[in-house]
Amino acid sequence: METGSADGTQAAGTPGAAAGADGTGAGGAEPEWTGLPHGLLRMRRLLLVVWLGLLTLAAGLLPGLLVGPGWAAVALLPLAVMAWGWVVLGRNWRSWRYAERADDLLISRGVLWREETVVPYGRMQLVEVTSGPVERHFGLAGVQLHTAAAATDASIPGLDPAEAERLRDRLTALGEARSAGL
């Protein structure tokens, strides 16, 4: 997990441990970023290997048996896609991070096209924790934030369920406190 300040003083799993009074971190310059757990990367890579492994078998066996053994080389294409996907999934996983500040939540993601979403606590209408069957099997959950703006895509995938619930409760409490002042 990618957490802590530039000097590495913050312990993993403790967002905002070195935060200043304004919640932007020691010195007020940089927020305390928290990366996603490694379980999300393991889950995505396993799904990649399973689906492209089946496709590789089908692409190798069917042409090899029906047309000729030379056509079994078609199976190299899904293998190449699997190797490329393995690297891309790792880079994508490393690009996701979030930071809780005094007045808003920052979510940063993207490798080629970097996206940073700022969600003010007072604008949050609904915070939900979601977990599909595959995510539950791997012990993961996601947090989905809903605001008044329909175009806002604020979600944090692949969190530990306890962290997702803690984040939901904290964001809900901060959202209620901030919206009461509007």
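In what order do the 4 strands of the open sheet stand, and is their pairing parallel or antiparallel? The order is β1-β2-β3-β4, and the pairing is antiparallel. Strands pair here if DSSP finds at least two bridges between them; strands (E, at least two residues) and helices (H or I, at least four) are DSSP runs, numbered from the N terminus.

A word on the ground rules: this is a predicted model, where local features need pLDDT of at least 70 and side-chain atom pairs count only at pLDDT 80 or more, while totals for chains, interfaces and linings use all residues. Residues are numbered from 1 along each chain as its sequence is written, and side-chain values use heavy atoms, with hydrogens and water left out.

β3 and β4 make a hairpin with 5 residues between them, and G110 in the turn has a positive phi of about 110°.

A second open sheet, of 3 strands, has the order β5-β6-β7, again with antiparallel pairing. Its edge strands, β5 (124-130) and β7 (154-159), have a single partner strand each, so one side of each is left without a neighbour in the sheet. From one strand to the next, the twist averages 15°.

| Strands | Bridges | Opposite residues |
|---|---|---|
| β1 and β2 (97-100) | 2 bridges | T34 and Y98 |
| β3 (104-109) and β4 | 6 bridges | L106 and V118 |

**The helices**

Helix α1 (residues 38-66) and helix α2 (residues 76-95) have axes that come within 9 Å and cross at roughly 170°. Axes are lines fitted to C-alpha atoms, for helices over the stretch in contact, and angles run from 0 to 180 degrees between N-to-C directions. The two helices α1 and α2 are therefore roughly antiparallel to each other (an angle over 145 degrees).

Residues of α1 in this contact (heavy atoms within 4.5 Å) include L41, L48 and L52, and those of α2 include V81, W86 and L89. By class, the contact has 14 nonpolar, 6 polar and 2 charged residues; Ala, Val, Leu, Ile, Met, Phe, Trp, Tyr, Cys and Pro count as nonpolar, Asp, Glu, Lys and Arg as charged, and the others, Gly among them, as polar.

**A charge over a ring**

R97 lies over the face of W33, at 4.0 Å from the ring centre. The criterion is NZ of Lys or CZ of Arg within 6 Å of the ring centre and within 35 degrees of the ring normal.

How values were computed
Parallel < 35°, antiparallel > 145°, perpendicular 65-115°, else oblique.
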